[in-house]
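Student: Could you walk me through reading a sheet? I'd like to see the general idea and then the real case.

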Amino acid sequence: MAEKEGIEKLIRADLAGFGGYSAATSPETLEGKVDVPVESIIKLDANENPYGCSPGVNRALAAYPHFNIYPDDGQTRIRKLLAGYCGIDAKHIVAAGGSNQLIDLILRLFLNRGDEVAVFAPYFWEYRFYVSNHGGVLREFPSDERFYPDLEALEARLSPRTKAVIINSPNNPTGAMYPKGLLRGLGQVLQKKEAQFGHPIFLVSDEPYRKLVFDGLECPPVFHNHPRTIMVTSHSKDLAIPGERIGYIAVHPICDGVEELVDALGHCNRTLGFVNAPALMQRVVAALQGVSVDPMEYQKRRDFLYGHLVGMGYSVVKPQGAFYMFPKAPIEDDVAFCAELARHRVLTVPGRGFGSPGYFRLAYCVEERTLEGSLAGFRAAARRFGLG
Ligand SMILES: Cc1ncc(COP(=O)(O)O)c(C=O)c1O
């Protein structure tokens with residue numbers, strides 16, 4: 001025991017506080033721990049495509065001839081192809097192992113101990129880890145009733161220690177997609193604050209769900225609103241290959257020092273020791289820009305679940321993209337409410353896991369019959385807490 005305590009002391013205090021990573025509960029880990037058959041559990045707490053990856057991925061994999069060579073650390077081919085797709089120069093693009101790694105790299109580059117990064121609640125909780133990895137402080141700002149960032153609060157409370165603001169649209173956990181006017185307003189606030197503080201503030205736009213939008217809408221581009229914008233994306237969701245760890249960033253071409261910045265990001269990537277974005281996946285996704293799993297499949301599920309939940313009396317903002325919904329819990333205690341749903345075999349995630357207690361997140365990227373099976377649980381919980 002004494003030895004264990006000694007070892008624990010070696011862990012950096014800011015990391016020790018986080019505890020272990022717990023992925024959404026997998027059916028295998030429930031085996032033997034629940035008194036119903038594992039197959040009957042309705043998992044709306046994960047975020048994977050139920051039908052597998054985009055078929056183009058399998059074709060590109062079958063044709064891949066280069067297992068015997070190291071990846072090109074200049075990422076020449078993928079950057080060129082991405083450049084064609086994004087309409088910006090290859091030298092403003094860096095690929096790496098998914099959005100998470102890219103956000104970590106960006107913060108690695110900019111944060112000194114005590115520097116701040118602003119986010120709008122509810123937000124993807126893992127941002128906390130990447131900010132804390134580099135001694136930064138995450139500052140939460142509110143969103144309005146549609147889950148759009150509250151720009152007045154941002155303008156009033158942004159501190160001179162702020163190095164970056166992270167946004168995510170379409171959003172996990174709400175499915176909200178930020179309109180053009182809001183992005184314009186955000187750019188204006190950031191530029192006003194830059195002038196006031198006398199240093200740049202980066203807008204980091206995390207966009208893994210950009211291609212998963214509904215109702216014939218398009219996700220407005222983030223560039224044009226703020227010169228110091230870095231767009232981060234990955235193929236975990238649009239090609240449904242989250243296990244393969246591939247994504248890229250594009251830095252706004254008019255950002256001061258854009259080439260130095262991109263070089264520094266590439267250098268940071270190398271010095272991690274992981275060498276590069278996976279070679280195989282560089283080739284696979286380069287051939288699949290513009291391709292996506294079918295967002296209509298998710299739209300169909302959104303319509304089904306939204307209609308039923310609203311009919312039962314739940315208060316829900318209709319999502320415009322991604323594959324999440326963030327209803328209000330009918331009682332204040334979102335953890336207790338999710339526990340009640342779990343008693344009916346429906347697994348969801350409490351809103352406080354995204355910085356917004358009083359709500360719960362469900363992911364409707366599941367088979368349709370799973371969603372149908374969830375309704376009885378939602379109905380029973382609604383009745384228990386007097387909705388409808
Ligand atoms: C908002 C958001 N950002 C980043 C990620 C991580 O993406 P990646 O698999 O590309 O690291 C996720 C995954 O669920 C997410 O929802």
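We'll go through the sheet and one of its strands.

Tutor: Ground rules: residues are numbered from 1 along each chain as its sequence is written. This is a predicted model, where local features need pLDDT of at least 70, side-chain atom pairs count only at pLDDT 80 or more, and totals for chains, interfaces and linings use all residues.

Student: In what order do the strands of the open sheet come?

Tutor: Strands (E, at least two residues) and helices (H or I, at least four) are DSSP runs numbered from the N terminus. Two strands pair if DSSP finds at least two bridges between them. Here, seven strands form an open sheet ordered E2-E8-E7-E6-E5-E3-E4, with mixed pairing. Strand E2 (93-96) and strand E4 (137-141) are the edges, each pairing on one side only.

Student: Which strands does E6 pair with in the parallel sense, and over how many bridges?

Tutor: E5 and E6 run parallel over five bridges, with Ala164 partnered by Phe202 in E6. E6 and E7 are parallel too, joined by four bridges; there, Ser205 has Met231 in E7 as its bridge partner.

Student: Is E6 buried or exposed?

Tutor: A residue counts as buried if 20 or more other C-beta atoms lie within 10 Å of its own, exposed if 12 or fewer, and partly exposed in between, with C-beta atoms placed from the backbone. Five of the five residues of E6 are buried, so the strand is largely enclosed by the rest of the structure. Phe202, Val204 and Asp206 are buried on one face, Leu203 and Ser205 on the other.
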